[in-house]
Every structure is written in structure tokens, then in C-alpha cells.
Amino acid sequence: MKKTMKIIFIILAIIIVVFMIIYLNHKLQLKKEAELLTPIGQLVEVDGHNMSVYTEGNGETTLVFLSGGGTCSPILDFKSLYSLLSDDYRIVVVEKFGYGFSDVVDKSRDIDSILEDTRAALKAADIDGPYVLCPHSMSGLEALYWAQKYPDEVSAIIGLDMAVPQYYESMNINVPLIRMASFGAGIGITRVIPKIAESDAIQYGTLTDEEKEIYRAVFYSRTATVSMINETAAVKENAKKIESMGIPQVPMFLFISDGSGGTGFDKETWRNIPIAYIGQVKDGEYMELDCPHYVHDHEYEKIAAYIKDFLGK
């Protein structure tokens with residue numbers, strides 16, 4: 001028994017020492033990376049906290065990009081796509097609380113709170129509507145709700161493999177597991193698996209080497225933040241609310257992936273749900289793409305061309 005207890009004690013001691021080394025290294029690296037975290041856009045005050053808003057281009061039509069859940073650096077994640085559009089349109093990327101260069105805030109993430117934060121950030125940045133909303137993944141809910149609640153502010157929706165409410169009826173969301181991921185990220189476990197920081201934007205997009213370094217630095221400081229966790233915990237109720245309000249009748253174009261890259265759905269199911277949805281939109285179109293979920297990091301040239309054609313109508 002004494003020998004067994006001694007072995008257990010030694011193992012625990014080794015584990016504690018390893019975790020201490022990982023944690024201290026993480027804190028040291030965060031200090032080194034701090035110089036990379038100078039906001040790319042501007043910071044505006046919303047509800048007493050800072051939200052990051054990035055703008056590019058001076059076109060008459062304003063495209064507002066809204067990131068998917070957990071996308072740590074929206075400004076850089078969308079860059080491969082919006083850099084092909086900024087000659088013709090005004091580009092705006094709003095980073096929600098807990099994302100990118102915005103503050104991490106522990107507050108309600110019901111759909112009204114999310115939407116009003118975005119609208120307040122745009123107002124503070126003097127960016128007037130109407131807007132063409134370009135949501136990715138979970139932000140599809142915000143875009144649909146925006147069109148339902150403030151139809152005069154939304155001229156069109158361009159879904160970048162965006163979520164529609166029906167996805168969440170059968171989706172299994174494990175919040176405790178996400179909280180564990182948040183704890184692991186907080187102590188630096190993510191640095192032990194370097195490949196985890198290599199997003200689709202880094203691997204397949206057009207970011208410069210410097211932008212890739214900034215993206216990685218943002219990742220290590222904005223992974224599974226409390227804001228993201230609150231948003232995920234509220235998503236099923238948000239989806240139910242939006243579904244109960246019907247389908248907004250605004251011009252809509254959905255780019256639909258093959259479902260790979262983290263959706264949790266098989267290809268057929270992932271595609272059938274939005275195709276059924278867009279079929280109920282009077283001015284609705286869609287395109288199936290043979291690429292993973294972050295479509296704007298894979299098929300940015302094709303998407304940019306079709307966006308110009310769609311908006312040209």
C-alpha cells in the first residue's frame with residue numbers, strides 16, 4: 001500500500017510540475033505576443049466596454065461581416081474574401097464581445113443582446129444602414145433576427161455557410177466540455193498542440209506572414225472565452241425565438257459547404273436544411289460548394305464573384 005501511494009504521489013507531483021511549466025510558458029508567451037495585439041480597426045464603446053469595428057473601402061453599399069461562434073479573429077478570418085470586394089463596397093467587420101480585439105465580457109448572449117451590441121457598435125462608428133449582412137455559421141441567427149426586427153436596416157443577406165434555426169433542433173451542444181476547453185486554453189494547453197492554432201484562414205487564405213502571427217496571438221488570448229461560452233449556451237433558445245418569427249423576406253444568397261470542418265452534420269443533412277429554408281424566400285438563391293465550413297477561406301474568389309453578381313441585380 002505504501003509503495004502504491006508513493007507511486008501515485010510521484011505521478012501527481014509530475015503532473016502538477018508539467019502543468020505549472022505549461023502555465024508559466026503560456027503567461028510568458030502572452031507577454032511577448034502583447035505587441036501583436038494592437039487593434040487592427042477602431043475600438044468603440046458599447047455598454048461601458050470596447051468593441052472592435054474594422055472598415056475598408058468606400059463603396060455606396062455596406063457589407064457587414066458577422067463571424068461564426070468561436071472564430072477568435074473575425075477581422076483576419078474574413079480578410080481573404082473582403083479584400084476582393086473592398087474596391088466596390090464598403091466593408092465592415094464587427095467583432096462581438098469576447099472575439100478578436102473586443103473586450104471579454106461576462107454578460108447575457110440572448111439574441112436581443114447580441115444584436116443590440118452590434119447595432120450600437122455600428123452607430124458608435126458612424127456606419128449607417130441599410131446593410132448587406134454577411135454572416136458565417138452561428139451569426140446567421142443574428143442576421144435573420146436583424147431582418148425580422150429591423151427590416152429597413154437590412155437590404156440583403158449573404159450567408160457564408162450560415163446557420164438557420166432548424167440546425168439547432170437536433171444539435172448536441174456540450175457546454176461543460178466547452179468550459180473544460182476554456183480552462184485548458186487559460187492555462188496554455190493549446191500551446192502544446194501547435195496545429196490547433198492553424199485556422200483555415202492561416203492554412204488556405206491569403207494572409208501575410210505578419211497577419212498569420214497576429215491571428216495566432218489572438219487565438220491564444222481569445223479561445224473559448226466566457227462571452228463565447230454564454231453565446232453557445234443561449235443558442236438553442238435564440239434559434240427557437242427566431243424560428244417562431246417566421247422567415248424574413250429579404251433578398252438572400254446562401255453559400256453552402258459540404259458540412260465538413262466541424263459542423264457535426266453529414267453532408268446531405270447539412271445541405272438539405274438551408275436548401276429547404278431558402279426555398280421559402282421569394283428572392284432567394286443558393287450555391288453548393290465542395291469545401292469545408294469556413295467557405296470564405298477556401299472559395300473566396302468564387303464567392304466574391306457571385307456576391308458582385310447577386311448585388312448587381
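Modeller: A residue is called buried when its relative accessible area is under 20%, exposed when it is over 50% and partly exposed in between, with a 1.4 Å probe and protein chains only. This is a predicted model, in which local features need pLDDT of at least 70, side-chain atom pairs count only at pLDDT 80 or more, and totals for chains, interfaces and linings use all residues. Residues are numbered from 1 along each chain as its sequence is written, and side-chain values use heavy atoms, with hydrogens and water left out.

Colleague: How many of the residues of the protein chain count as buried?

Modeller: Of its 313 residues, 50% count as buried.

Colleague: Why is Pro274 called buried?

Modeller: Pro274 has 2% relative accessibility, and therefore counts as buried.

Colleague: Where is Pro274 placed, and in which helix?

Modeller: Pro274 lies in helix H10, which covers residues 267–278; helices (H or I, at least four residues) and strands (E, at least two) are DSSP runs, numbered from the N terminus. The protein chain holds eleven helices and eight strands.

Colleague: Which residues is Pro274 in contact with, leaving aside its neighbours within four places in sequence?

Modeller: Contact means heavy atoms within 4.5 Å, and on that basis Pro274 is in contact with Tyr167, Leu254 and Ile256, once neighbours within four places in sequence are set aside.

Colleague: What makes the radius of gyration of the protein chain agree with a compact globule?

Modeller: The radius is taken over C-alpha atoms, and the globule rule is 2.2 Å times the number of residues to the power 0.38. With 313 residues, a compact globule would have a radius near 20 Å, and the protein chain has 20 Å, so the value agrees.
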